[in-house]
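Subject: Structure handover

Hello,

Here is the structure for you to look over. My notes come after it.

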Amino acid sequence: MLISVYGSSVFAVEASLITIEVNIGKGIGYHLVGLPDNAVKESNYRIAAALNNINYKLPGKKITINMAPADVRKEGSAYDLPIAIGILGASSQIQAPELDRYIIMGELALDGGIRPIRGVLPIAIQALKMVLKDLFFPRKMLWRLLL
Amino acid sequence: MKDLEVYGVSNLKEVISFFEGKTTLTRTVVDTRAEFQKQLKHDEFDFSDVKGQETIKRCMEIAAAGGHNIILIGPPGAGKTMLAKRLPSILPPMTLQEALETTKIHSVVGKVKDQGLISVRPFRSPHHTISDVALVGGGGYPQPGEISLAHNGVLFLDELPEFKRGALEVMRQPLEDREVTIARAKFTVTYPASFMLVASMNPSPSGYFNDPHSKMGPSPMEMQRYMGKISGPLLDRIDLHIEVEPVPFEQLADRQAAESSAVIRERVSKARARQSERFKSNTKTHYNAQMTTRQIRNYCRLDNASSSLLKQAMERLSLSARAYDRILKVARTIADLEAAENVVASHIAEAIQYRSLDREGWMG
């Protein structure tokens with residue numbers, strides 16, 4: 001099943017929308033494409049452990065994750081959360097019809113906790129310009145996001 | 001930011017049950033204005049701690065009012081660093097827009113910790129071993145440097161001649177343009193860098209040149225080499241040059257408290273308000289130091305007396321065209337502090353005073 005989640009990448013002080021497509025099909029494998037850097041590539045270990053620890057699982061199928069636009073470099077650990085949610089949605093472990101209304105960003109801890117990320121303010125400002133999306137952030141970051 | 005829903009989460013489980021519709025999360029609602037007001041506190045450094053040094057305080061007041069760059073020159077122990085550290089306490093409060101801009105940059109480097117919105121003007125004082133990349137920003141995936149982190153605030157360079165020549169020279173373009181563009185083969189990044197440069201230096205390697213009470217004198221060669229570390233173009237970009245002299249004992253022991261930062265800040269804020277009013281239709285210029293040449297011509301019209309005074313000064317001190325612009329900008333700020341409509345000769349005269357490093361023969 002194919003599912004899309006939204007994230008955001010920060011370049012200089014401007015954020016841009018990133019679509020994270022997760023497809024789960026027949027076979028075995030984990031493919032992460034769309035110019036991820038090492039921190040993004042490592043996310044699968046964190047996601048696998050985190051899902052395990054809260055009694056979900058990384059499905060033993062062929063998981064393809066595409067981060068579009070595919071020619072923009074994605075860096076940092078903030079894509080853990082959207083990818084994890086995408087995997088859960090695509091493998092039907094959760095039923096979430098409204099996923100595409102949100103921008104989700106966050107770094108995962110192995111116990112399923114969520115850690116702070118960088119560049120929250122530019123993302124929030126950009127989201128405001130696009131009007132349609134709501135945001136999901138680590139609570140620790142949430143400090144005083146201006147509303 | 002009204003229409004945005006932001007949810008704070010601390011656990012993956014919360015996110016899952018939210019999306020499945022099992023639980024609801026409370027939206028994090030924050031009142032920026034209140035937050036902003038709450039944080040407009042002022043630091044423990046206060047100008048009332050500084051005894052004497054009235055001319056320098058005056059100079060700092062002008063610098064704060066117009067956002068001018070300033071360099072303090074004086075022997076060790078004269079109080080240069082002490083004065084510079086107190087500068088943020090007299091800067092006018094940040095506007096919400098400025099606070100957002102600054103917070104954005106700090107957010108990108110992950111430096112916003114718990115304080116949320118940065119509403120106190122940043123004061124960055126990098127050590128003089130800093131590399132040019134750390135100063136202006138850069139790296140494979142360009143990160144903002146100190147000058148961008150000091151956006152809308154103060155960049156304090158203590159012991160200016162000790163900085164690497166290269167590091168100082170890369171600052172030249174950002175000082176003019178108030179932003180820095182870092183180019184890579186695949187992309188370019190532009191970070192805002194509108195900061196107030198505050199520098200301090202000793203006049204000579206031993207530190208005692210020009211000090212009337214010291215017997216130690218450096219050789220001309222030594223002096224030449226020391227001053228040569230700072231290039232003319234960089235000095236040209238600094239509006240105010242001021243010599244700091246050691247405080248005599250009588251003043252040091254004086255128990256009477258000097259003027260407090262709050263009082264000075266009041267005057268500075270008024271002068272700044274006058275500038276905001278003047279440039280309100282302009283998106284790029286907010287205070288006098290940012291004026292373009294055309295704006296200078298427009299807002300600093302000179303009468304006959306002041307223009308002949310300026311002409312004389314230009315010839316005598318052999319000032320550059322850029323120094324001419326700087327003098328006009330500073331004069332405009334002095335006029336603003338006095339709530340004067342036009343720039344007059346006395347303002348120009350005071351502004352010329354603050355170009356001491358341009359004077360020929362300053363080195364003796």
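This is a predicted model: local features need pLDDT of at least 70, side-chain atom pairs count only at pLDDT 80 or more; totals for chains, interfaces and linings use all residues.

Residues are numbered from 1 along each chain as its sequence is written, and chains are lettered from A and ligands numbered from 1 in the order in which they are written.

Scores: ipTM is 0.78 and pTM 0.81. Chain B has a mean pLDDT of 81, with 86% of its residues at 70 or more (pLDDT is the predictor's confidence in each residue, from 0 to 100).

Chain B holds 17 helices and ten strands (DSSP runs: H or I of at least four residues for helices, E of at least two for strands, numbered from the N terminus). It has 364 residues, and 44% of them count as buried (20 or more other C-beta atoms within 10 Å of the residue's own, with C-beta atoms placed from the backbone). Take its contacts between residues at least 6 apart in sequence: 74% join residues at least 24 apart (contact means C-beta atoms, placed from the backbone, within 7 Å).

Now chain A. Helix H2(A), residues 43-53, packs on helix H3(A), residues 80-90, at about 55°, with axes 10 Å apart (axes are lines fitted to C-alpha atoms over the stretch in contact; angles run from 0 to 180 degrees between N-to-C directions). That angle makes H2(A) oblique to H3(A) (oblique is what remains after under 35 degrees, roughly parallel, over 145, roughly antiparallel, and 65 to 115, roughly perpendicular).

Which residues meet? From H2(A), Ser43(A), Arg46(A), Ile47(A), Ala50(A) and Leu51(A); from H3(A), Asp80(A), Ile83(A), Ala84(A) and Ile87(A).

Best wishes

Note on methods
Two residues are in contact if their C-beta atoms, placed from the backbone, lie within 7 Å. A residue is buried if 20 or more other C-beta atoms lie within 10 Å of its own, exposed if 12 or fewer, and partly exposed in between; C-beta atoms are placed from the backbone.
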